[in-house]
Every structure is written in structure tokens, then in C-alpha cells.
Amino acid sequence: MPRLEVLITEQEIQNRVSELAGQVSADYGDRKILLVGVLKGSYPFLADFSRHLGENIEVDFVQTSSYGNGNTSSGIVRIKKDLDVNIEGRDVLIVEDILDTGLTLSHLRELLGTRRPRSLKVVTLLCKPAALRHPAQAEYVGFEIPDKFVVGYGLDHAERYRNLPYIAVLHEE
Ligand code: IMP
């Protein structure tokens, strides 16, 4: 049976999410933000984060998938579900669950960037060491975590564990 070791508690997550939202509110002032959640993993973070941002936001979603087999990504990112709205001239904030290599995000940024938003930034709840080698990838980072496979708070293993209110390291035993 796999064993879960709690890495970030529910309370720690909630405190940090509230802090991140405070930073974002201060930075954007009264500009309207379009939050773009990256499905599926960002859904709990987006829900909690957006509740701290007041009325001047909109929410949309994209879903990506990378070609390739199993756990190794080919580096090619495909859009499975595109945005519903036109982002030209908008202040867009991409909401991600986790940055590992950052490949998914860099492709998404490039794609959305071609649609001429007024601004395009990224908030990610978690960041692994590989992504820290490219510090320009996310303007707002919740937690830097070790290079271990984690689940919970949106993150899955074979679609399981997304609904846990905390982040845990998954030990396969
Ligand atoms: P990247 O393109 O290498 O940055 O990978 C990002 C995507 O890989 C995330 O959006 C997750 O879907 C997935 N991922 C990376 N690390 C983990 C993990 O530790 N647990 C669950 N999913 C992960």
C-alpha cells in the first residue's frame, strides 16, 4: 500500500494562499484580473485563492496535455481545452498547482503571449528544484519543495488524492 507523509499541512497551505492573494491584490490594485486555472490540478488552489481576491476577477480554464508515453514528457504541449474568452488587453494571471521542469508552463506562456494580453503572470502553489533553475518562470510561488512526488490539494497519482486538503509525499511501498 502507498504511504502518505504530510509535507505541508492544511493550515500552512491556507495561510500561504491568503498571503499570496494579499501580494497579488497589492500588485494589481483595482485592475481586473483574469485568473486562468490550469486543469485539473489547480482547482482547489484556484478556489481558495480567488476567494481572497474580492469582486474584481474573472475565472477561466485551460487544460494541457503533453505527448509522450508514461512519465516521461516529450516536451510537446498540446491544448486539450482552450480558454473561452479573448484575452487581448487583459491582465492574465495563470494559476498552476506545481512547477517541475516548467515545460508545460513555458509553452502555455508562449501561446497565451501571442494573444496580446496587457500582462501575463504566473502564480504557482508549489515549485520543485528543477524549476528554480529558471527563476523567471513564476512571479508568485507558494512553497519551494524537494524533488519528490507529491499528491493532494489538486495533485494526483493516477487521478487519486486530488481531494486531500494537505500536500503529502507519496511513498510507494
Ligand atoms: P512540468 O511541465 O515538468 O513543470 O510539469 C508540470 C506538471 O507535471 C504539473 O502540472 C503536474 O500535473 C505534473 N507534476 C509534476 N510534479 C508532480 C508531483 O510531484 N505530483 C503530481 N503531479 C506532478
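What share of the 173 residues of the chain counts as buried? I looked this up and found 45%; buried means under 20% relative accessible area, with a 1.4 Å probe and protein chains only.

I note that this is a predicted model, where local features need pLDDT of at least 70, side-chain atom pairs count only at pLDDT 80 or more, and totals for chains, interfaces and linings use all residues. Residues are numbered from 1 along each chain as its sequence is written, and side-chain values use heavy atoms, leaving out hydrogens and water.

**Fold.** I read four helices and nine strands in the chain. Helices are DSSP runs (H or I) of at least four residues, strands (E) of at least two, numbered from the N terminus. Along the sequence I get β-α-β-α-β-β-β-α-β-α-β-β-β. The C-alpha trace spans about 50 × 35 × 30 Å along its principal axes.

**Ligand.** I then turned to the ligand. I find 15 residues around it, with Asp100, Thr101, Gly102, Thr104 and Val150 coming nearest; near means a heavy atom within 4 Å. Strand E5 (91-99) and helix H3 (103-113) each supply at least two residues of this shell. E5 gives the most, four residues.

**Polar contacts.** Here I looked for pairs of N or O atoms within 3.5 Å. A ligand oxygen atom is 2.7 Å from a polar backbone atom of Gly102. For the side chain of Lys128, I noted 2.9 Å between one of its N or O atoms and a ligand oxygen. For the side chain of Asp97, the corresponding distance is 3.2 Å.

Key:
A polar contact is a pair of N or O atoms within 3.5 Å; within protein, one must be able to donate a hydrogen and the other to accept it, and residues adjacent in sequence count only if both atoms are side-chain atoms. Buried means under 20% relative accessible area, exposed over 50%, partly exposed in between (1.4 Å probe, protein chains only).
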